[in-house]
Each structure stands twice: as structure tokens, then as C-alpha cells.
Amino acid sequence: MSQKKVDAYKEQKANRAKIMKKEKWILRLEKLAALAVCIAAVCWIGFSVYGKVTDGKEEVKVETVMDTSALDDYLSGIEEAE
């Protein structure tokens, strides 16, 4: 081997821990970015499906009317008796 290759190998060997740490950091960032993309895709798909499912349904509102005059008379009668 030439002296140039030997010097390059020694430099790489000396900085191996630093290089490995940097590679691990980059790998973590790549995994985090992939996870964010997957979560965004799942949320988007879920929202789209929910929108299509609820699009065709109409909400039916039921209005209930109750006559409370008998109850009001009874309560006013109790208040008068006291």
C-alpha cells in the first residue's frame, strides 16, 4: 500500500467512533422522518374514509315536545300548601 492509503486508513481508524456516532444519528433521523410520513399517510387515509362514509348520511333531528302544565300545577299546589 502506498503511504497515502496508509495515512487515510489511520485517519479513518482514529475518527471511527465519531463517524459511527454521526451515522447512528443520521439513521435515527431517517427513521423519524419515515415514521412521520407513515403517520401522516394513515391519518390522511382515515380522514378520507371517514369523509366518504359520512358524506351520504343525513342527520335526522328529532324534536320532542312535552306538556308540563300538570307538573307546574302540582308544584304550585305544593308551594301554596306549605
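Guide: Let us begin with Leu32, which sits in helix 2 (residues 16-55); a helix here is a DSSP run of H or I with at least four residues, a strand a run of E with at least two, numbered from the N terminus. This is a predicted model: local features need pLDDT of at least 70, side-chain atom pairs count only at pLDDT 80 or more, and totals for chains, interfaces and linings use all residues. Residues are numbered from 1 along each chain as its sequence is written, and side-chain values use heavy atoms, leaving out hydrogens and water.

Visitor: Why is Leu32 called exposed?

Guide: Buried means under 20% relative accessible area, exposed over 50%, and partly exposed in between (1.4 Å probe, protein chains only). Leu32 has 53%, so the word is exposed.

Visitor: What makes Cys38 partly exposed?

Guide: Its relative accessible area is 48%, so Cys38 falls in the middle class.

Visitor: How many disulfides are there, by this rule?

Guide: A disulfide is a pair of cysteine sulfur atoms within 2.5 Å. The sulfur of Cys38 has its closest cysteine sulfur in Cys43, 11 Å away, which is too far for a bond. The count is zero disulfides.

Visitor: Which pattern does the protein follow along the sequence?

Guide: The pattern is α-α-α.

Visitor: What makes the protein more spread out than a compact globule?

Guide: The globule rule is 2.2 Å times the number of residues to the power 0.38, and the radius of gyration is taken over C-alpha atoms. For 82 residues the rule gives 12 Å; the protein has 37 Å, well over that, so the protein is more spread out.
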